[in-house]
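This report goes through a structure in terms of its nonpolar packing, its helices and its charged pairs. The sequence and the coordinates come first.

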Amino acid sequence: MKRAATPRPIGAAPKGKRQTAKTPSEPPAERRGARSQQTRFSSRLRAWGRHHRAMALDSLYRLVRHPVGNLLTMLAIAIALVLPAALWLTLDSAKLLDAELDESATLTVYLETAVDAAQSVRIEEAVIADEDVETTRLISAEQGMVEFQQSLGIEDTLAGLDDNPLPASIVIYPHSVDPAAMAQLAQRLEAFSGVDEVRVDLAWVERLRHLADLGRRVALALGVLFGCGVLLVVGNTIRLSVESRRREIEVVMLIGATHAFVRRPFLYSGAWYGVGGGLLALGLLGFGNHWLSMPVAALAASYGANFVLPQLDVTGSTILLSCSTLLGWLGAWLAVTRHLSSIRPR
């Protein structure tokens, strides 16, 4: 009895013959792995960007839903930023004044009364040959008397003097207004023949510089102090927001959400608080400048001066806005990180 032949599967090679059908060519395993890895990375990157955009808009929407309370928080941040910014502007104007005073810092060389006009010119040529001297101005005895009379308004009183008691003098504008350099220059000039006295007009400049240095230290201290205040304001606000959404956080952490995923919307909220506070601070500074500019200009005009209140330019506004945003983000990060460590999903 013959056995029934087993049916051959479709597409199978006949028995005893080598299968010659070609299979479609496939890329090597390395290419498939690199391609899949690149696809997964790009997909994750797009998902990461979509989640950041969604959280930024969601956090902004939550702030808009409660405008009064959030506006008060931003106003507190703005007030904390206005004070150091205003002091910074004041110091900036003081720097301009300091630069003008540096230009007026001079040495005055008083010549002996026996020195005539020709000797005065030769002494001036010797003085200007010094490498530390930039320019000089020779004031003869007659010019000194005329300027003295005009400054005091007593032309008629001194007109009857037989002899001019004032000596000729040379006003020197040095290259450097450093006190040590000017003191050395004064010592060299006193050794010149025909020089009676060298007077350094720098004491008032040094006092102004000491005041400016004190102001910079005060501005730095206030900036740090009010920066900590901004951190506390934002941190306390974000802490309350975390507590109000504690159940939601526990649920998303139960299904595998990471701390970075949970932290992200609160970080955007802190950044929005910083942006709002910075914009309000810029508005307050502009309003204060407009409100005080006319009285300050009138006061300066009464003393014969021309003074304009400084205001923030584009660079200063960008720095202020960036600092406020960074402080808001940092305050939110500190608050959320501290509270997430204490949340345990149940």
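## Nonpolar cores

The largest nonpolar core has 30 residues, of which L81, V230, V234, I238, V242, I249 and Y273 touch the most other members. At least two residues of this core come from each of helix 2 (67-104), helix 7, helix 8, helix 9 (259-302) and helix 10. Helix 2 supplies the largest share, 8 residues. The model is a predicted one.

Leaving aside residues up to four places away in sequence, V230 is in contact with I77, A80, L81 and L327. Another core, of 17 residues, lies apart from the one described above; V115, A168, V177 and L185 are among its members.

Helix 10 covers residues 314-340. Its 27 residues should span 39 Å at 1.5 Å a residue, and the C-alpha atoms at its ends are 38 Å apart, which agrees. Buried residues of this helix include G316, S317, L320, S324, L327 and G328. Further along, G331, A332, A335, V336, H339 and L340 are buried too.

L71 is a residue of helix 2. The C-alpha atom of L71 is 8.1 Å from that of G276, although 205 residues separate the two along the chain.

With a relative accessible area of 14%, R245 is buried, because the limit is under 20%. Not counting residues up to four places away in sequence, R245 touches R62 and F266.

R245 also forms a salt bridge with E248, with 3.2 Å between the closest N and O atoms. E248 is partly exposed, at a relative accessible area of 41%.

## Other salt bridges

The structure holds 8 salt bridges. Side chains of opposite charge can pair when their charged atoms come close. One of the bridges joins R62 and D58, at 3.0 Å from N to O. These two residues are 4 residues apart in helix 1 (residues 29-65), so about one helical turn separates them. R62 is partly exposed at 31%, and D58 is partly exposed at 25%.

In helix 8, R246 and E250 are likewise 4 residues apart, which means a separation of about one helical turn. Their closest N and O atoms are 3.7 Å apart in a salt bridge. R246 is partly exposed, with a relative accessible area of 26%, whereas E250 is buried, at 7%. A network of salt bridges links E243, R246, R247 and E250.

Key
Residues are numbered from 1 along each chain as its sequence is written. This is a predicted model: local features need pLDDT of at least 70, side-chain atom pairs count only at pLDDT 80 or more; totals for chains, interfaces and linings use all residues. Side-chain values use heavy atoms; hydrogens and water are left out. The expected span of a helix is 1.5 Å times one less than its number of residues. Buried means under 20% relative accessible area, exposed over 50%, partly exposed in between (1.4 Å probe, protein chains only). Contact means heavy atoms within 4.5 Å. A nonpolar core is a set of buried Ala, Val, Leu, Ile, Met, Phe, Trp, Tyr and Cys residues joined through side-chain atoms within 4.5 Å. A salt bridge is a side-chain nitrogen of Lys or Arg within 4 Å of a carboxyl oxygen of Asp or Glu.
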